[in-house]
Amino acid sequence: MVPSSEFVSVPRAKAKDQWWARFRGWVSSRDSRAHVLLAVKAAIAAGIAWSVALAVPGAPAEYPYYAPLGALLAMYPTVAGTVKLGLQTIAGLSIGIVLAYLAVWVGDPDWLSVAFVVGMGVLLAGTLKRTAGGGSGIASAGLFVLIIGNTDLGFSLGYFIQTIIGVSVGLAVSAIVVPALHTDDALGRMGQLRRAAARQLQELGEALEDQWAADDNRWAERRDSLTHAARDARSAVVYAAESRKANIRRRFHPRDVDQDYHHVGVLEVVAFHTLNITNMLQDALHGTSEEKPLAPAVKEPMRAAFAAVGDVLELWTVDEHDGATLVTARETLRKLETTIYDAASRNEPFGAAGSVAMSLHRILHAVTPELRMPAEP
């Protein structure tokens, strides 16, 4: 039976709506704004490099297209990254030219000289690890000189000079045209990690109440989500710190980078203990071959402790003087510890519960008022 056109159009319309929703989400994200800015700066740098390249006297003026290429190869979202890529590009080009002239010195270009330039380019790039484009950066430069320039010194000189012009223009544009500071993104990622840990603790209370099965997919989903959030937060802080290097705007936007590293370190401690609690609870909820399940009397105080500590993480950006939530969490933990002690006195299973309580203590210790995070933008 041939499906009707109405039936066929429904999945297509749904897929189109999903694509449009993803596109709108990308447009409104910080990543899209940073990418659009990078595209604009690359276009400006390429245009300026082309104009400058045409004004260069002598043989290099015959190869102006290498200037915008150099600007493109050097362009990076941060000023420090542009400097690094630019130097890598020039280094790779220099080594490639030397390799090409060594091959030409032996004889006319043939399959052996081409193989030599490519092989040595990849080998040197892997050894030095500081040249642009991996093996292709050195190898492509060598091939251009070997095959196109051969013994023409003018081509090599023009290629080299125009690339340097492009790299220089790219660096100037990167440093002058709205050099981005990615502090807001770092704060946002740290906030996401904080909220993810808070949400996971509160959901662990639901796991206790609903008796999630040991093989329930939600355990792995919570672990993966928190692990990714922790990795993203660390990467965002490192990237934000890099964006300040050689950036003229940092004078107008002072920032304690060490404090940001400290905050993300605290959050990683929180994430570590939250993951530890998740793993412990997954095994202890129904018991294992070596350990009995959690004592029923421990479950309600533990659920309350999860909720209280989760509330502390949710309100971590409040003023220093508002410690009521922290006090409540500590009192709830003391009740849990008392219940665990009573269970131990009755020879009921308490090991896993004690480990969970210790991890909750570590989380509260990490987020004491002296270590509160800065407010998010």
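This is a predicted model: local features need pLDDT of at least 70, side-chain atom pairs count only at pLDDT 80 or more; totals for chains, interfaces and linings use all residues.
Visitor: What makes the contact between Arg222 and Glu203 a salt bridge?

Guide: The N to O distance there is 2.5 Å. The cut-off is 4 Å between a side-chain nitrogen of Lys or Arg and a carboxyl oxygen of Asp or Glu, so the pair qualifies. This pair ties together distant parts of the chain, with Arg222 sitting in helix H9 and Glu203 in helix H8, 19 residues apart.

Visitor: Why is Arg222 called buried?

Guide: Its relative accessibility is 19%, and buried means under 20%, so the label holds. Glu203 gets that label too, since it comes in at 17%.

Visitor: How many salt bridges does the structure hold?

Guide: Seven. One of them pairs Arg189 with Asp185, where the closest N and O atoms are 3.6 Å apart. With the limit at 4 Å, that pair counts as well.

Visitor: Where do Arg189 and Asp185 sit relative to each other in helix H8?

Guide: They are four residues apart in H8, which means about one helical turn separates them.

Visitor: Are Arg189 and Asp185 buried or partly exposed?

Guide: One of each. Asp185, at 14%, is buried.

Visitor: What makes Arg218 and Asp216 a salt bridge?

Guide: Their closest N and O atoms are 2.8 Å apart, and the 4 Å limit therefore lets them in. Arg218 is partly exposed, with a relative accessible area of 31%.

Visitor: How do you know that the length of H4 is close to what is expected?

Guide: Helix H4 has 28 residues (79–106), and from its first C-alpha to its last it reaches 41 Å. At 1.5 Å a residue you'd expect 40 Å, and the value is close to that.

Visitor: And what makes Thr78 a cap for H4?

Guide: A side-chain oxygen of Thr78 lies 3.0 Å from the backbone nitrogen of Gly81, at the N-terminal end of H4. A polar contact needs N or O atoms within 3.5 Å, so the distance passes.

Conventions
Residues are numbered from 1 along each chain as its sequence is written. Side-chain values use heavy atoms; hydrogens and water are left out. Helices (H or I, at least four residues) and strands (E, at least two) are DSSP runs, numbered from the N terminus. The expected span of a helix is 1.5 Å times one less than its number of residues. A polar contact is a pair of N or O atoms within 3.5 Å; within protein, one must be able to donate a hydrogen and the other to accept it, and residues adjacent in sequence count only if both atoms are side-chain atoms. Buried means under 20% relative accessible area, exposed over 50%, partly exposed in between (1.4 Å probe, protein chains only).
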